[in-house]
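Look at the sequence and the structure before reading on.

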Amino acid sequence: MLKRYLPILEWGRTYNRGVLTDDLMAAVIVTIMLIPQSLAYALLAGLPPVIGLYASILPLILYAVFGTSRTLAVGPVAVISLMTASAAGAVAAQGTAQYLEAAITLAMLSGIMLAVLGLLRAGFLANLLSHPVISGFITASGILIATSQLRHIFGIEAGGDNWPEMIGSLASAIGTINVWTLAIGIPAMLFLFWVRKGAKPALLRLGLADRAAGMTAKAGPVVAVAMTIFAVIAFDLADRGVALVGPIPQGLPPITMPSTDLALIEKLWVPALLISIIGFVESVSVAQTLAAKRRQRISPDQELVGLGAANIASAFSGGYPVTGGFARSAVNFDAGAQTPAAGAYTAIGIALATLFLTPLLFNLPIATLAATIIVAVLSLVDLKTPGQLWRYSKADFAAHIVTIGVTLLAGVELGVIAGVAASLLLYLWRASRPHAAIVGRVPETEHFRNVDRHSVFTVPHVLSIRIDEALTYLNARWLEEYVLEEVADRPAVRHVILMFSAVNEVDASGLESLEAINHRLGDGGIGLHLSEVKGPVMDRLKRTQFVEELNGKVFLTQDRAFAEVSLDTGEPPASVDHYLARGLI
């Protein structure tokens, strides 16, 4: 039981010097990557840059204790930072103590929700967010984030809560561009774009080994930070209007208490729930992908507990909501991390940075952090998925586009809600109109296929219908109407066989419809038969009067059902040759 809730007891038993070396190496590399990322994402969340560092210390340690992924790297991420800015901005102005309090409270609420869901083993709730909705939300969020950071690249005052407002605000302030800020932001952004694709090949040409070149290229943001700080000092850009990070408090995170104001909690619980779900889905997707590469396993329910503990720790150490990030985790994986201890060592590295390195960041241009954010989030924008969904599923395409559109036009919270609502409505619509097919026997086989797709054998007095969905309250009435309409169109029918091979469940409404079909067909002198009924479904049917009242039979196979009822034409018996010629016997 302890190992279930404290995975550290499982992997900690086999921890040795070799694993320690691998974890330390990975921690050094991730720390170098995480410092500029944490500063940038705090800026995106509308918080002081140091808050990003605070959110990258205790949360990593708590996840190492409670998390099940060996390589997931927890900390601030772009989408959750944007959602934090949206939620906190709705209750307080950026730069105020109330805004910071709201961000800390969001972390606490999110942590409690995640931990409770984990203890209740409710990880399945994340399935409410379909892939098209998640993909659409992340794409729209990437566009919003990149657009919001352009003001820092241009050195202008602009804002907006949605994409049209942001574009309008940027356009109206375009005449006030600070060329010195632009001279910092554009080269930094171009350099970071080049680092993503061109740095590793360039280092390979210089003779570095493949792994060394890959790891060195990950330090590109640190190089951008160092170069732009040098440019600010060398050219005295602070006096030319270039916005700087300024003084960053030096020292370890303070112990903070989240707000217990019920009025504030009432305003923040819905955004906190959305942050929890989005963060969990993103995190567990990354964790499962990386675990599969090493044939490892994670527990989604325990991941909820781990992320919950991380967010609670963030709240009590002055941070804001965190989750597992893809880019950071991929670097951790590639760097050779073997256990969650690598995350704890990364936390120690970040803590040392808050103690000794923060004075060096005084002259860091905000434009550099904005460039870091833009380069990171544009990789999230997926322009291929809409076309793929259009070709594959119009319904999923609709949910995807609704999510993108509402997120861009109305904000991140309404975007998620609209995407979930669209997915559920489309699911209910599809479930209420399941696929059913009239089937016939494939000649010289025992297989039955759709009469509209295959050349099959049928007889006029037998109607075989294959139902390809569970029978629930959503589609029970539809099935009743479908069967009776098909029978009405075929006056010669004397037997109806419902092929149940794909029916996994029959609820009370489905049972009622089956009883109604049985009675209606029986009143017309038509037999109702079932075939290939699954064991669990048959067990439930036997607990009712339906099987006893069925005016036909229940057959083990569709072939057996068709062969037997096909002989009953309601006419005088024909010769054996007649039945042999028709493949009935």
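## Second largest pocket

The lining of the second largest pocket holds 19 nonpolar, 12 polar and 3 charged residues. Here Ala, Val, Leu, Ile, Met, Phe, Trp, Tyr, Cys and Pro count as nonpolar, Asp, Glu, Lys and Arg as charged, and the others, Gly among them, as polar. A pocket is an open set of points on a 1 Å grid over the protein atoms alone, where a 1.4 Å probe fits, with protein on both sides within 12 Å along at least five of seven lines; lining residues have an atom within 4 Å of a point.

Helix α8 contributes the most to this lining, with 6 residues. Helices are DSSP runs (H or I, at least four residues), numbered from the N terminus.

## Source of the model

The model is predicted: local features need pLDDT of at least 70 and side-chain atom pairs pLDDT 80 or more, while totals for chains, interfaces and linings use all residues. Residues are numbered from 1 along each chain as its sequence is written, and side-chain values use heavy atoms, without hydrogens and water.

## Largest pocket

The largest pocket contains about 1500 Å³ of space, a volume being the space filled by probe spheres set on the points, which are joined across faces, edges and corners. Its lining has 50 residues, and Arg 196, Phe 326, Ala 327, Ser 379 and Leu 380 are the closest to the centre. Helix α10 gives the most to this lining, with 8 residues.

## Contacts of Leu 39

Beyond its neighbours within four places in sequence, Leu 39 is in contact (heavy atoms within 4.5 Å) with Pro 49, Val 50, Leu 53, Ile 248, Leu 361, Leu 364 and Leu 369.

Key
Helix = DSSP H or I, 4+ residues; strand = E, 2+ residues; numbered from the N terminus.
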